[in-house]
Every structure is written in structure tokens, then in C-alpha cells.
Amino acid sequence: MLYKSTRSTEKATATSAQIIKQGLAADGGLFVPESIPELSMEEIRALCNESYPVRAAKILSKFLTDYNYEELLTDCTAAYDETSFVGGAAPLVDLHDNYKIMELWHGPTAAFKDMALQIMPRLLSRALVKTGEERTALILVATSGDTGKAALEGYKDIDRVKIMVFYPVDGVSRIQKLQMATQTGSNVNVCAIEGNFDDAQTGVKVIFGDESMAEKLNQNGYFFSSANSINWGRLAPQIVYYVSAYCDLLSAGTCKPGDSFNVCVPTGNFGNIFAAYLAKLMGLPIGKLICASNSNNLLTDFLRTGTYDRNRDFYLTMSPSMDILISSNLERLLCFTAGSEKTAAYMQSLSKNGCYTVEKEVLQKIQENFIGYFADEKATADTIRETYVQHGYLSDTHTAVAISAAKQYVAESGDTRPMVIDSTASPYKFANNVYRAVTGKDASSVLEAPEELSRETNTEIPYPLAGLTKRPVRFEKVVPREKMADAVLDYLNI
Ligand SMILES: *Cc1c(COP(=O)(O)O)cnc(C)c1O
């Protein structure tokens with residue numbers, strides 16, 4: 001299997017090890033596979049009896065053909081170990097009727113980014129060997145909260161890799177900030193910027209594209225690599241849990257082989273939902289892909305009108321991992337639907353005018369698979385409360401956005417197929433807002449909120465979030481967004 005840029009009309013030439021190492025394509029596009037491998041119903045049925053690591057290794061081996069199965073199985077077994085994913089990697093929980101919640105936050109940072117970031121560093125480590133690389137990889141990450149911590153946990157103390165994380169100083173929760181500021185490991189660095197998530201992401205992209213920076217790093221034995229969800233090594237592992245969910249639906253008798261199910265994904269950068277789409281292209285019987293947004297609802301508008309327009313107000317919401325104006329992975333969907341030439345033109349228009357409009361046929365094709373809904377702040381809080389009161393399920397703010405979207409879709413369409421709703425964070429990650437939504441009053445302080453939420457709802461604080469306030473703070477730096485490159489050089493001491 002070879003890979004090419006979303007913006008290139010040339011033949012695919014890059015191996016998966018090369019693109020996992022490189023991250024972003026040289027022309028600014030994202031890497032995509034030249035074709036989609038098939039997954040037959042027979043293969044799916046065989047996976048029903050396998051553990052999550054085996055399911056993951058089998059799916060990944062279809063895309064990462066320059067890794068052998070034993071390598072992948074070793075890495076998947078280490079990544080999705082029951083001691084780091086307590087209670088399983090992607091368990092399905094009954095909400096009510098045909099609604100299932102897929103909990104993707106049982107990993108070491110209590111957020112779904114762990115699903116990819118526990119395996120990706122291992123894949124990168126092997127990629128360095130496979131490509132004969134002798135320099136140290138410097139991973140730069142822009143995060144709106146969860147990615148940063150999950151990447152730091154995934155890469156800490158990995159050989160020949162350093163990682164630096166940038167986050168918007170007022171754009172992440174108090175708990176997320178604490179998680180990052182207290183990160184352990186000898187090869188990690190964290191820096192806040194004055195700006196929002198898009199400023200951080202743009203800043204990282206600018207650094208990646210700066211040739212003099214690259215040269216300076218090269219002279220000192222480093223090269224840039226990314227861990228953001230634009231990296232294929234992040235995306236591919238996310239295909240797995242949709243297959244895994246279907247296996248579980250089959251095992252539970254909710255679906256018979258061939259029956260389809262819908263998925264609803266709380267969406268930011270469009271990586272998670274795009275992975276579901278890839279699973280569908282492989283042959284997994286997914287019906288509709290419901291794209292759930294918060295008040296930053298560009299994707300809802302895009303999926304309805306065909307116009308993507310980032311020229312609008314930006315809201316800080318209680319689901320900050322979805323506070324995004326540029327959903328980078330949408331470019332991959334455009335490439336699959338409209339081809340590389342048009343994708344390059346859309347992206348040029350996006351960077352020049354902040355918007356683009358796809359042709360009617362392109363929109364129609366997209367709408368065959370995707371539909372968008374959003375939940376504003378009130379709807380999100382109401383959903384948290386109702387879900388807790390009516391069904392005894394405590395959901396985080398992002399998950400609540402998805403539950404709301406799923407219900408809107410079902411109400412509007414009457415579609416009765418089983419609905420798998422992704423739960424992307426533990427409610428304890430956003431304990432303050434969850435507490436307020438459930439009880440109608442504020443916790444005594446943001447830092448007390450987890451304990452109070454636990455007492456109120458009689459649920460347990462997951463291990464990655466317990467005792468957070470007692471860990472020593474290591475990183476407190478805040479820089480203006482123009483100074484991000486300097487912060488990188490500072491960290492490397494060059
Ligand atoms: C990253 C994240 C999302 C959005 O996922 P994308 O793949 O960027 O669309 C949703 N919820 C949480 C909690 C996240 O951390």
C-alpha cells in the first residue's frame with residue numbers, strides 16, 4: 001500500500017513508514033492511501049472472537065503493509081494493554097433502546113486521543129528504523145486540550161523522539177492545563193500561547209513549512225514530525241474501534257451479519273468521523289455518519305450547504321476539543337469525493353478567502369454518507385442532565401453534543417438502526433461543567449469539582465485524573481503566538 005498527498009495528482013510513491021515519519025506532505029496536503037483495502041463479512045465475523053489488540057493488528061496490517069503482522073501485534077498488545085485501558089479499549093455501553101455509547105476514554109489520559117496516541121509513537125519508532133533515519137524526531141503538537149496530554153503520555157521517554165506541545169492559554173480546561181503542566185518524562189516540553197487553538201495550529205504549520213528552521217534543526221541532528229490528527233499514524237488506528245463496535249453488536253445479537261448501524265461522532269478536526277468513513281469504505285456496514293458539532297458549527301453548515309466558511313465568530317464552549325474553525329481532516333474527505341485537483345483548489349481558497357464551496361455533485365456524494373447536527377451550550381447542558389436523570393448515564397460535554405445530535409437525527413429521519421455514539425472523554429475531565437449541568441449549581445471550585453461530582457453521582461474518578469492537584473507543576477511558560485518558533489529553539493537549546 002502506497003500513499004500520496006491529498007493535493008497531488010501524481011502516482012502514490014510513499015510507504016506508510018515514510019508518511020508516519022513525515023506527517024504532512026511537502027505540498028501542504030495530507031497523506032491518503034492509494035486505495036482502500038477490503039474487509040469482508042467473513043473477516044469481521046472472525047474478529048468477533050478476538051481481543052482488541054488482535055482486531056487492531058489485523059486492521060492495521062491492511063494499511064501498513066511495510067510493517068509485518070508480528071510487529072503490529074506486539075505494538076497493539078503493548079498499546080491497548082488492560083492495565084492502561086482499564087475496562088477495555090473501546091467498550092460499548094447500553095444507553096437505552098438502540099442507542100449504544102462507545103467509550104473511547106479508558107486510556108491513560110481519560111480521553112479518546114489515547115486510542116491513537118498509545119500506538120502511534122511505537123509505529124513512529126519503527127518507522128525511524130525502517131527508513132534508516134538517524135536524527136531525533138521533534139514532535140510538535142498544537143492542542144485544544146486532550147491531544148496534548150495524550151501525545152505527551154504516548155511519547156514520553158521514547159527513544160530518539162522529543163515532543164513539544166502548544167496550547168491556547170485560555171482555551172483548555174483547568175484540569176487539562178494541570179494534566180499537561182505536570183507531565184513527567186525527560187523528552188517533553190509544554191508551552192501555552194496567547195491565542196486560540198487555530199492560532200496554535202497555524203503556528204505549528206508555519207514552523208513545519210519554514211525551511212530555515214528545518215535547516216537549523218537538521219544541523220543539530222533533529223527533524224520535525226507531527227502527532228496531530230493529520231498524521232496517518234493517528235488516523236489509521238481509529239478505524240479499528242468502529243470494526244470492533246460492530247463485532248460487539250454482532251456478539252450481543254443487536255445486529256445480524258450484514259445489518260447496518262449508524263455512528264454519531266462529536267467532531268472537531270474531522271479525524272474520528274473520517275476514520276468511521278474509511279471503515280465504511282472498507283466494507284463495514286455503517287449507514288449514516290452523524291457529524292456532531294457544538295456552537296462552532298461550520299461542519300453542520302458545510303454538510304447542509306456545501307460552503308465551508310471560517311469567517312465567523314469563534315466561541316469558547318464547554319466542549320473545547322471541538323472549538324475549531326478549520327477541520328483539517330475534511331481535506332481527506334474532499335480528496336476522496338472530489339479528487340486531488342479540486343481539493344487543492346478548495347484549500348487554496350480556504351487559505352486565501354477563508355472559505356470554499358464544493359460543487360453540487362460533490363455535496364450530494366458527501367450527503368449520501370454524512371449528515372450534520374449541532375448542540376449549543378444550553379442543549380449540551382440539558383442533554384447531560386437528561387441523560388443522567390433518564391438513563392443513569394453520566395456523559396462528558398463532548399459526548400453530550402453527540403447524544404443531542406444523534407437524537408435530532410433520529411427524530412428527523414425516523415431511522416431506527418442501532419446507533420453507536422462515540423464518547424470521547426470521561427465526564428471527570430470536564431467535571432465542573434458536568435457537575436453544574438447535573439445539579440444546577442456550581443461546585444465549590446474547579447479543582448474540587450471531580451470529588452463533588454463523584455459524591456453526587458456515586459461514580460468513580462478514573463485513575464489518570466485522580467490526585468492531579470498533588471503532582472508538581474513543571475511547565476508554566478506562556479508566549480505570544482509569533483514567538484512559537486523561538487520557544488522551539490529555546491527548548492532544543494540551539
Ligand atoms: C479531539 C476530540 C474530539 C474531536 O475529534 P476529531 O477527530 O478532531 O474530530 C472530540 N472530543 C474530544 C474529547 C476530543 O479530545
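Begin by selecting lysine 113 together with the ligand, where a polar side-chain atom of the lysine lies 2.5 Å from an oxygen atom of the ligand, a polar contact in the sense of a pair of N or O atoms within 3.5 Å. What you have open is a predicted model, in which local features need pLDDT of at least 70 and side-chain atom pairs count only at pLDDT 80 or more, while totals for chains, interfaces and linings use all residues. Residues are numbered from 1 along each chain as its sequence is written, and side-chain values use heavy atoms, with hydrogens and water left out.

**The ligand and its shell**

Asparagine 272 comes next, with a polar backbone atom 2.9 Å from an oxygen atom of the ligand. Of the 380 Å² of accessible area that the ligand has on its own, the protein covers 97% (Shrake-Rupley method with a 1.4 Å probe).

Now widen the selection to the 15 residues that surround the ligand, of which Lys113, Gly268, Asn269, Asn272 and Thr424 are the closest; a residue is near the ligand if one of its heavy atoms lies within 4 Å of it. This shell is made up of five nonpolar, eight polar and two charged residues, with Ala, Val, Leu, Ile, Met, Phe, Trp, Tyr, Cys and Pro taken as nonpolar, Asp, Glu, Lys and Arg as charged, and the others, Gly among them, as polar.

**The largest cavity**

Where does the ligand sit? The ligand is found in the largest cavity, a placement that requires more than half of its atoms to lie within 2 Å of the grid points. A cavity is a set of points on a 1 Å grid over the protein atoms alone where a 1.4 Å probe fits but cannot get out, whereas a pocket is an open set with protein on both sides within 12 Å along at least five of seven lines, and lining residues have an atom within 4 Å of a point.

The largest cavity holds about 320 Å³ of space, a volume being the space filled by probe spheres set on the points. Select Phe112, Lys113, Gly268, Asn269 and Ser321, which lie nearest its centre among 28 lining residues. Helix 12 (271–282) is among the elements that supply at least two residues of this lining, and with three residues helix 12 gives the most; helices here are DSSP runs of H or I with at least four residues, strands are E runs of at least two, and both are numbered from the N terminus.

**The second largest cavity**

The second largest cavity has a volume of about 60 Å³, and among the residues that line it are Gln201, Val204, Lys205 and Phe208. Helix 9 gives the most to this lining, with four residues.

**The largest pocket**

Keep helix 9 (197–209) in view, for with six residues helix 9 also gives the most to the lining of the largest pocket. That pocket has a volume of about 940 Å³, and its 38 lining residues include Leu24, Ala25, Gly28, Lys205 and Phe208, which lie nearest its centre. By class, the lining divides into 18 nonpolar, 13 polar and seven charged residues.

**The second largest pocket**

For the last stop, select Leu447, Pro450, Glu451, Gly467 and Thr469, which lie nearest the centre of the second largest pocket among its 14 lining residues. The volume of this pocket is about 250 Å³, and helix 8 (174–181) and helix 20 (449–457) each supply at least two residues of its lining.

Note on methods:
Polar contact = N/O pair within 3.5 Å; in protein donor to acceptor, adjacent residues only side chain to side chain.
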